[in-house]
Amino acid sequence: MKPSRPWILGLAALAVTCQRKAAAPAGPTVVTITATDFAFAAPDTIPAGLTTFRMLNQGQEPHQAVIMGASDHSFEEIEAGMMAEGPIPP
């Protein structure tokens, strides 16, 4: 029995698809937060996906940043914890 033309074309398309290599995953987005005394500079939006945060302190005072996502605490609770004296709460 002789194979039909659509069958041969289907096998050719499958062979070409199997030969393609999967694209290498892109690296994480790098977001830089620049701290100066009494100010921060950072993007106002960040694309979804794996993200690396880099903080540059260009001021004389120590600085910290909080990255907040879905959690059991409101922004106000986190802000109050950051303003408290002593070590940063968990």
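A pocket, as the word is used here, is an open set of grid points with protein on both sides within 12 Å along at least five of seven lines, and a residue counts as lining the pocket if it has an atom within 4 Å of a point. Keep in mind that what you see is a predicted model.

With that definition in hand, select Phe38, Phe40, Glu61, Pro62, His63, Gln64, Ala65, Val66 and Met82, which line the largest pocket. The space in this pocket comes to about 290 Å³, and its lining is made up of 6 nonpolar, 2 polar and 1 charged residues.

Next, switch to a cartoon view and find the open sheet of 3 strands, whose order is β2-β1-β3 and whose pairing is mixed. Because β2 (39-41) and β3 (51-57) each have a single partner strand, they stand at the edges, and one side of each is left without a neighbour in the sheet. On average, neighbouring strands here are turned by 20 degrees against each other, direction ignored.

Now select β1, residues 29-36, and follow its antiparallel pairing with β2, which runs over 3 bridges; alanine 35 has phenylalanine 40 in β2 as its bridge partner. Between these two strands the hairpin has 2 residues, and in this hairpin phenylalanine 38 takes a positive phi near 70 degrees.

Finally, turn to the pairing of β1 with β3, which is parallel and extends over 7 bridges. Select valine 30 here, and you will find threonine 52 of β3 standing opposite.

Methods. Residues are numbered from 1 along each chain as its sequence is written. This is a predicted model: local features need pLDDT of at least 70, side-chain atom pairs count only at pLDDT 80 or more; totals for chains, interfaces and linings use all residues. Side-chain values use heavy atoms; hydrogens and water are left out. On a 1 Å grid over the protein atoms alone, a cavity is a set of points where a 1.4 Å probe fits but cannot get out, and a pocket is an open set with protein on both sides within 12 Å along at least five of seven lines; lining residues have an atom within 4 Å of a point. Grid points are joined across faces, edges and corners, and a volume is the space filled by probe spheres set on the points. Ala, Val, Leu, Ile, Met, Phe, Trp, Tyr, Cys and Pro count as nonpolar, Asp, Glu, Lys and Arg as charged, and the others, Gly among them, as polar. Two strands pair if DSSP finds at least two bridges between them. Helices (H or I, at least four residues) and strands (E, at least two) are DSSP runs, numbered from the N terminus. Axes are lines fitted to C-alpha atoms, for helices over the stretch in contact, and angles run from 0 to 180 degrees between N-to-C directions.
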